[in-house]
Amino acid sequence: MSRARAVDLAGPGGWLLVALLAADIAVVTRSTDVPNGSGIPYWAVWLVAVAAALVVANLLSARLRPAAPWLRPVEALAILAVVAMVLSDVTMAWQPLRDLGIYLKAGEHFRDGAPVYMQTPLTVQPLDRTDYPFLYPPCTLPFFAALSLLPLAPAQALWFGLSLGLGLLALRLIGLPHHWLVPALLWPPLFQGLWVGNVAVPALALFALAPWLGAGLVLGAIFKPYTGLAALWLIRQRRWVEIAAGVGVVLLMAALTVPLTGLTAWADWLSGLRIYQTSQDSLSGLYGFGLPRFVPFALYAALGAAALLVALMARGAESLARLGTATVVASPSLFGHGLLMAVPSLLSLRSPWLWLAVGFLSTPDGLQWWLAVVVVAASWAMPSMRHVSAAGSTSRSATATERLHPLGESGSPWQRRAEER
């Protein structure tokens, strides 16, 4: 019996996870204010709010569940995580739709015939985040140029509404029940992606659609090249037609937009990417919390390759889920919304491990978010960490701990569809 299997997650082992998550949140937020720059310590607000929530939850538990009146460890984990989510969202909620602002400015520059891509390295971080460089290929410029023709408010409303709809669709496809959708919007990776208007949310929809529309894995690489690594799943599953369709659509988009952008724009784009990479040497914040910021490039490359190899060793839905997480590891720069690709892997965890990982991802984004990836990677080697529906479990304690799992007793249509061939 493995050590992970011997741990009683409904008892002492579960409370150990609660203590671990509480310590993590307290330590990583010790210099964070809520709201940002207010001087009110995040950890203090979190501690008071958690204490109040635990008291209320215990009172409700005693009333609604008299046979087992005390909170279970997994319930405490969820409370710790949800309180942190709300505080982190408040902390991160500044300059809304700033990434969309980058896209709209690129569209305006394209319409005006002005340079779109970087020509000189950044040496100072822009105060206005909409002044960050535009990094997407020229075939996207006509779309953003058209969007920039709208007044700002309608353009923002259209983009936010589209992103919100696609984000919710993605979660439903992956298997999240309707009653979990609103709480999921509080989760910092998704909240941040929607708040800043990043293309990571639509990219998640393309990833979630993969079991039904595999070509979307190729299309996602237009905006986030590292997410294109998930298209290796199509090769793993021998879905050659879908690979050809995805590549064909990308080539068609490039061919149709060349008369508008010209070939020079493609050279400018590649040059801009090189300049951006040079800028990262002087402004490490451009890495976000991507691995290249913290480890030598050789180690980053080795970890990325290892994650891809382990993902490809699995089959069906498990391989696709792992590839989503592997794209996080392989990302040369990483921000909070980049963790959205790991949603299927997170949902494959048993409830206590899921809420532990979610808790790690519920503080303002930073290096500590990698702890969630470590939990996911550990589950690949230890099956006892993986989710089994309550219906398929014969253990009373296992059934109790899984009741707070978003997938519940039902399987995921995403998983079932990915297994079909």
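User: Which residues touch the most other members of the largest nonpolar core?
Analyst: Trp46, Trp187, Leu217, Leu339 and Trp355 do, in a core of 88 residues. A nonpolar core here is a set of buried Ala, Val, Leu, Ile, Met, Phe, Trp, Tyr and Cys residues joined through side-chain atoms within 4.5 Å. Buried means under 20% relative accessible area, exposed over 50%, and partly exposed in between, with a 1.4 Å probe and protein chains only.

User: And which helix gives the most to this core?
Analyst: Helix α4, residues 73-92, with 11 residues. Helices are DSSP runs (H or I, at least four residues), as strands are (E, at least two), numbered from the N terminus.

User: Before we go on, where does the model come from, and what are the ground rules?
Analyst: This is a predicted model: local features need pLDDT of at least 70, side-chain atom pairs count only at pLDDT 80 or more, and totals for chains, interfaces and linings use all residues. Residues are numbered from 1 along each chain as its sequence is written, and side-chain values use heavy atoms, with hydrogens and water left out.

User: Back to α4, why call it largely enclosed?
Analyst: Because 17 of its 20 residues are buried, α4 is largely enclosed by the rest of the structure.

User: What does Leu217 touch?
Analyst: Leaving out residues up to four places away in sequence, Leu217 touches Phe207, Ala210, Thr227, Gly228, Ala230, Ala231, Trp233, Leu234 and Leu320. Contact means heavy atoms within 4.5 Å.

User: Leu97, ok. Where is it, and is it buried or exposed?
Analyst: Leu97 sits in the loop between α4 and α5, and it counts as buried because its relative accessible area is 11%. Its phi is near 55 degrees, a positive value in a residue other than glycine. Gln95 lies in the loop between α4 and α5 as well, with a positive phi of about 45 degrees although it is not a glycine. At 25% relative accessibility, Gln95 is partly exposed.

User: Which residues does the cis peptide bond join?
Analyst: Val34 and Pro35, with omega about -10 degrees. Pro35 is in the loop between α2 (12-28) and α3 (42-64).

User: Which lining residues lie nearest the centre?
Analyst: Tyr276, Leu286, Gly288, Ser333 and Phe335, out of 47 lining residues. Elements giving two or more residues to that lining include α4, α9 (188-196) and α14 (264-282).

User: Last one: what do the buried residues of α19 pack against?
Analyst: They pack against α15, α16 (316-330), α17 (343-347) and α18 (351-360). Among the buried residues of α19 are Trp370, Val373 and Trp380.

How values were computed
1 Å grid on protein atoms, 1.4 Å probe; cavity = no way out; pocket = protein on both sides within 12 Å on 5 of 7 lines; lining within 4 Å.
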